[in-house]
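I opened a new notebook page for this chain. My plan is to start with the whole and then look at a few places in turn.

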Amino acid sequence: MSIFDKFKTQSIGARLIEEKLYEVVANELQNGVRRNGLWAKALAKSQGDESKAKALYISYRVQSLKDESEISEARKEHELEESRRIHQEQQYQEQKKKEREVNQKSEDAEQILKEKGYGVTKRNFGWLIIEPLGGTQKILTADDLYQFAISRESHSPKKRGAFGEPYDW
């Protein structure tokens, strides 16, 4: 569809809508409905000539209906934008909450492990864990770190001195 065809289609649509608006105004007048402010404006512009005022009133009322439609569309667009903004803010807050939870979980895990004699170092890839007996573990996620810490909490190895006797650090 060329730009001219698109413009032509939009123009046809606009004319059909305008025709419906004139029909609405005609029905209003037939039922005795009249907007006094617009009628007063039409009378003033027509210098009191009622037939000219009626023609002007119809034009003003059609424009008024168009304006009301534009305002309604703008209000809907504003409400939609506000809804999107609120949704984005909620997503942002949820993400921040998850980040805080992950940070708290990793801090708790680090504390548990340090209390059990493990060395814990945060690295680019995750965490490097140095076990009390010298082994190392690479852990990538906070959940894995927490699970590792919990599993060590219940059955951490007893540390032994030079002659094999157990001791706690």
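**Entry 1: the whole chain**

I looked up burial first: buried residues make up 20% of the 169 residues in the protein chain. Buried means under 20% relative accessible area, exposed means over 50%, and partly exposed lies in between (1.4 Å probe, protein chains only). I noted that this is a predicted model, where local features need pLDDT of at least 70, side-chain atom pairs count only at pLDDT 80 or more, and totals for chains, interfaces and linings use all residues. Residues are numbered from 1 along each chain as its sequence is written, and side-chain values use heavy atoms, with hydrogens and water left out.

Next I listed the elements. The protein chain has 4 helices and 5 strands. Their order along the sequence is α-α-α-β-β-β-α-β-β. Helices (H or I, at least four residues) and strands (E, at least two) are DSSP runs, numbered from the N terminus.

I then turned to contacts, meaning heavy atoms within 4.5 Å. Of the contacts in the protein chain with a separation of 6 or more, 38% are between residues 24 or more positions apart.

**Entry 2: two helices**

How do α2 and α3 cross? I found that the axes of helix α2 (residues 36-45) and helix α3 (residues 50-115) come within 8 Å and cross at roughly 135 degrees. Axes are lines fitted to C-alpha atoms, for helices over the stretch in contact, and angles run from 0 to 180 degrees between N-to-C directions. So α2 is oblique to α3. Angles under 35 degrees count as roughly parallel, over 145 as roughly antiparallel, 65 to 115 as roughly perpendicular, and the rest as oblique.

I wrote down who touches whom. From α2, the residues include Leu38, Trp39 and Leu43. From α3, they include Tyr57, Tyr60 and Arg61.

**Entry 3: Arg61**

I stayed with Arg61, which sits in helix α3. Is Arg61 buried or exposed? Arg61 counts as buried because its relative accessibility is 6%. Its side chain makes a polar contact of 3.4 Å with the side chain of Glu68. A polar contact is a pair of N or O atoms within 3.5 Å; within protein, one must be able to donate a hydrogen and the other to accept it, and residues adjacent in sequence count only if both atoms are side-chain atoms. Not counting residues up to four places away in sequence, Arg61 touches Val25, Glu28, Arg35, Leu38 and Glu68.

**Entry 4: Ile130**

I ended in strand β2 (residues 126-130), where Ile130 is found. Ile130 is partly exposed, at 38% relative accessible area.
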